[in-house]
Amino acid sequence: MESFYTLQGEGFHQGKAAYFIRLGGCDVGCVWCDVKDSWDANIHPQKTIDAIVNEALQSVPESKEKIAIITGGEPLMHDLTALTTALQKKNFQTHIETSGAHPLSGTWDWICLSPKKFKAPLPGILPHANELKVVVFNKSDFDWAESFALQVNPSCKLYLQPEWDKKEQVTPLIIDYIKQHPQWRLSLQIHKYIGVP
Ligand code: SF4
């Protein structure tokens, strides 16, 4: 759908330079989705993996911290084996942002699982998540977040992130919750505050 070099705005790697590759296609259907244009994969042009990787190489300076983040849409609607292999061959660390609603494919340096109520993650991805990031839309989402925290591995980082349009109401609830449950951390979408994609 698009690719761009920016800062990661969310979660554990917040603030790091990262090259985003947004793949078309999503069947999860979150009512508050901010990239609904991504849902229909057919309206976006197909590109070869070589073209995607070459564009990434042209955008990102050579360094030890080259990060490529595959996002969507729901990127796991595609088999990501060949894309992640090609990126890693060019020394990119491969990160994914996924709802986990489709089978895991690809080789990953970082898996951010962001489960969605609209289509639950498949159980197979839970032990592989490096980061669990739950978008909080209302109070009931805390219990829902805890149900996944019980299923990930003990080293998985736990994040609660206010849904953007509800942030005034839910951010204070999240702050209180984290003070009571300090295993969780706050994730803010800082890219939206600083005006970058
Ligand atoms: S999983 Fe992501 S892309 Fe798909 S509907 Fe939900 S927020 Fe939008």
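Contact here means heavy atoms within 4.5 Å. The views below come from a predicted model.

**View 1. Helix α3 and its cover.** Helix α3 spans residues 141-149 and is mostly covered, with seven of its nine residues buried. Those buried residues are Asp 141, Phe 142, Trp 144, Ala 145, Glu 146, Phe 148 and Ala 149. Among the elements that cover them are the strands β6 (131-136), β7 (157-162) and β8 (184-186), together with α4 (167-180).

**View 2. Packing of helices α1 and α2.** Helix α1 (residues 49-59) packs against helix α2 (residues 81-89) at an angle of about 35°, and their axes lie 10 Å apart. The crossing of α1 past α2 is right-handed. On the α1 side, the contacts involve Ile 49, Ile 52 and Val 53; on the α2 side, they involve Ala 82, Leu 83, Ala 86 and Leu 87. In an α-helix, residues three or four places apart point the same way, because there are 3.6 residues a turn.

View 3. Most peptide bonds are trans, and most residues other than glycine have a negative phi. The bond from Gly 72 to Gly 73 is cis, with omega near 15°. Gly 73 belongs to the loop between β3 (67-71) and α2. Asn 91, in the loop between α2 and β4 (93-98), has a positive phi, near 70°. Asn 91 is exposed, because its relative accessibility is 52% and the cut-off is over 50%.

**View 4. A nonpolar surface patch.** Leu 7, Tyr 193 and Ile 194 form this patch, and together they have about 290 Å² of accessible area. Leu 7 lies in strand β1 (residues 2-7) and is partly exposed, with a relative accessible area of 33%.

Key. Residues are numbered from 1 along each chain as its sequence is written. This is a predicted model: local features need pLDDT of at least 70, side-chain atom pairs count only at pLDDT 80 or more; totals for chains, interfaces and linings use all residues. Side-chain values use heavy atoms; hydrogens and water are left out. Patches are made of residues with over 30% relative accessible area and no salt bridge: like charges are joined within 9 Å, nonpolar side chains (Val, Leu, Ile, Met, Phe, Trp, Tyr) within 5 Å. Accessible areas come from the Shrake-Rupley method with a 1.4 Å probe; for residues, only the protein chains shown count as cover. A salt bridge is a side-chain nitrogen of Lys or Arg within 4 Å of a carboxyl oxygen of Asp or Glu. Helices (H or I, at least four residues) and strands (E, at least two) are DSSP runs, numbered from the N terminus. Buried means under 20% relative accessible area, exposed over 50%, partly exposed in between (1.4 Å probe, protein chains only). Axes are lines fitted to C-alpha atoms, for helices over the stretch in contact, and angles run from 0 to 180 degrees between N-to-C directions. A crossing is left-handed if the near helix is turned anticlockwise from the far one by less than a right angle, and right-handed if clockwise.
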